[in-house]
Amino acid sequence: MTHPRPIRPGPTRGPDLQEQLALVAQGDRDAFSVIYDAVAAPVFGVVCKLLRDHAQSEEVAQEVLVEVWRTAARYRADRGTVLNWVLTLAHRRTVDRIRSVEAAAARDHRVALLDQVPEFDEVSEQVEGRLEREQLRRCLRSLSVIQRQSVTLAYYQGLTYKEVAETLSAPLGTVKTRLRDGLIRLRDCLGVTV
């Protein structure tokens, strides 16, 4: 005796997504409902896998499905299935979100660093100091040799008038005159007003 074989249902054929998407392109809400049911879970899966944040994944998946509604007419069957097209939209939208989040984080980081920057600009200070030193060197070169020696000994080496006079083997009054004349010329050269 042979037992009857159990009857197994054959594969059920789902809706034709290309036809449904063509109807969506014409504004058919029922067709969009069919597309939504067919692609929502895979879209959420792709988005969630990339974002790893449930709340943001839900938001991006919703944006993708709205994009499907708005851009259904752009679908081209010769480039792939409806599902692949929708998943490509999902991937692109997710990558855009990731880049946006990363850019915002980088912006916040730069702002935080700016908050830590001292109230003065170190580079400007260094450049300004370098320019001032160069101008001082130029002005010192404009002095006579005797004036330059007197100013250098008194102000850069910290010698007293008497020590400068001894070092240069010059009378104290002469050294004071050289220093005074040298400082006046420096002041004029540097543009310092009294």
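Author: Ser 169 counts as exposed, because its relative accessibility is 68%. The cut-offs are these: buried is under 20% relative accessible area, exposed is over 50%, and partly exposed lies in between (1.4 Å probe, protein chains only). Ser 169 also has a positive phi of about 55°, although it is not a glycine. It sits in the loop between helix 7 (161-168) and helix 8.

A word on the source. This is a predicted model, in which local features need pLDDT of at least 70 and side-chain atom pairs count only at pLDDT 80 or more, while totals for chains, interfaces and linings use all residues. Residues are numbered from 1 along each chain as its sequence is written, and side-chain values use heavy atoms, with hydrogens and water left out.

Helices here are DSSP runs of H or I with at least four residues, strands are runs of E with at least two, and both are numbered from the N terminus. The protein chain has 8 helices and 0 strands. Of its 194 residues, 24% count as buried.

Two helices pack on it. Packed helices are described by the angle between their axes and the distance between the axes. Axes are lines fitted to C-alpha atoms, for helices over the stretch in contact, and angles run from 0 to 180 degrees between N-to-C directions.

Take helix 6 (residues 145-156). Its axis lies 8 Å from that of helix 8, at an angle of about 95°. Helix 6 and helix 8 are therefore roughly perpendicular. The classes are roughly parallel under 35 degrees, roughly antiparallel over 145, roughly perpendicular from 65 to 115, and oblique for the rest. Helix 6 brings Ile 146, Gln 147, Ser 150, Val 151, Ala 154 and Tyr 155 to the contact. Helix 8 brings Arg 178, Leu 179, Asp 181, Gly 182, Leu 183, Arg 185 and Leu 186. Contact means heavy atoms within 4.5 Å. By class, this contact has 7 nonpolar, 3 polar and 3 charged residues. Nonpolar covers Ala, Val, Leu, Ile, Met, Phe, Trp, Tyr, Cys and Pro; charged covers Asp, Glu, Lys and Arg; the others, Gly among them, are polar.

Next comes helix 5 (residues 122-142). Its axis comes within 9 Å of the axis of helix 8 (residues 172-190), and the two cross at roughly 135°. That makes helix 5 oblique to helix 8. The residues in contact include Gln 135, Leu 136 and Arg 138 of helix 5, with Arg 185 and Leu 186 among those of helix 8. The class count is 6 nonpolar, 2 polar and 2 charged.

Then there are the cores. A nonpolar core is a set of buried Ala, Val, Leu, Ile, Met, Phe, Trp, Tyr and Cys residues joined through side-chain atoms within 4.5 Å. The largest one has 23 residues, and Leu 21, Ile 35, Val 43, Val 68 and Val 86 have the most contacts inside it. Helix 1 (17-25), helix 2 (29-51), helix 3 (54-71) and helix 4 (82-116) each give two or more residues. Helix 2 gives the most, with 8. A second, separate core of 12 residues includes Leu 140, Leu 143, Leu 153 and Leu 186.

Finally, look at Arg 52, in the loop between helix 2 and helix 3. Its phi is positive too, about 60°, and it is not a glycine. Arg 52 counts as exposed, at 73% relative accessibility.
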